[in-house]
Amino acid sequence: QAQLVESGGGLVQPGGSLRLSCVASGFTLDYYSYGWFRQVPGKELKGVSCINHGDGSTYYADSVKGRFTISRDDAKKTVYLQMMNLKPEDAGVYYCAAHPTTVQALCQMSAPRKNMAFWGEGTSVTVSS
């Protein structure tokens, strides 16, 4: 069964760090881009960061540039999101997604939950003192 499974969320104080992981299974990773989306109650899903499996190209939302780093481990079929200097506005449920497209198209996809080839169950991040 093809799936994406996220982990690593939790409660962290402002200025703290977290690393999210997304493990892919049941499908070939080639030709896909992978990304992280954030859901905040009452707001649309937002593409935070995306990475292409083939060439490693990356995309970051302006709000996270310089603080978040996306990476992948092909042997482990895992995509990571290292989040540094977290702010309260970074809080939300983070979903991992995969689709055979470019990183920019992935991160800017409309109705991503509906249109994405693969979508995870999410991991919650709370940033609070």
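Which two cysteines form a disulfide with their sulfur atoms 2.0 Å apart? Select C22 and C96: these two form that bond, a disulfide being a pair of cysteine sulfur atoms within 2.5 Å.

Before going on, note that this is a predicted model, in which local features need pLDDT of at least 70, side-chain atom pairs count only at pLDDT 80 or more, and totals for chains, interfaces and linings use all residues. Residues are numbered from 1 along each chain as its sequence is written, and side-chain values use heavy atoms, with hydrogens and water left out.

**Stop 1: the disulfides**

Stay on C22 and C96. The torsion about their S-S bond is about -80°, so this disulfide is left-handed. The pair links distant parts of the chain, with C22 in strand 3 and C96 in strand 9, 74 residues apart. Strands (E, at least two residues) and helices (H or I, at least four) are DSSP runs numbered from the N terminus. Both C22 and C96 are buried, where buried means under 20% relative accessible area, exposed over 50% and partly exposed in between (1.4 Å probe, protein chains only).

The structure holds 2 disulfides. For the other, select C50 and C107, whose sulfur atoms are 2.1 Å apart. With 105° about the S-S bond, the link of C50 and C107 is right-handed. C50 lies in strand 5 and C107 in helix 1 (residues 103-107), 57 residues apart, and both cysteines are buried. Counting bonded cysteines along the chain, the pattern is 1-3, 2-4.

**Stop 2: strand 5 and its neighbours**

Of its 7 residues, 6 are buried. Strand 5 runs antiparallel to strand 4, joined by 6 bridges; two strands pair if DSSP finds at least two bridges between them. Within this pairing, F37 has G47 as its bridge partner. The hairpin of strands 4 and 5 has 6 residues between the strands, and G42 there takes a positive phi near 85°.

Strand 5 also pairs with strand 6 (residues 58-60), in the antiparallel sense over 3 bridges. I51 stands opposite T58. This second hairpin has 5 residues between its strands, and G56 in the turn has a positive phi of about 75°.

**Stop 3: the rings around W119**

How are the rings of F37 and W119 arranged? Their centres are 5.5 Å apart and their planes at 50°, so the pair is tilted. Rings of Phe, Tyr and Trp (its six-membered ring) pair if their centres lie within 6.5 Å; planes under 30 degrees apart count as stacked, over 60 as edge-to-face and the rest as tilted. F37 in strand 4 and W119 in strand 10 (residues 118-119) are 82 residues apart. F37 is buried at 0% relative accessibility, and W119 is buried at 18%.

Y95 and W119 form a stacked pair, 5.3 Å centre to centre with 20° between the planes. Y95 counts as buried at 11% relative accessibility. The charged end of R113 sits over the ring of Y95, 4.8 Å from its centre; this requires NZ of Lys or CZ of Arg within 6 Å of the ring centre and within 35 degrees of the ring normal. For an aromatic cluster, select Y32, Y34 and F118.

**Stop 4: the cores**

Finally, select W36, F68, L81, M83 and Y94, which touch the most other members among the 28 residues of the largest nonpolar core. Such a core is a set of buried Ala, Val, Leu, Ile, Met, Phe, Trp, Tyr and Cys residues joined through side-chain atoms within 4.5 Å. Strand 3 gives the most to this core, with 4 residues. A second, separate core of 12 residues includes C50, V103, C107 and M116.
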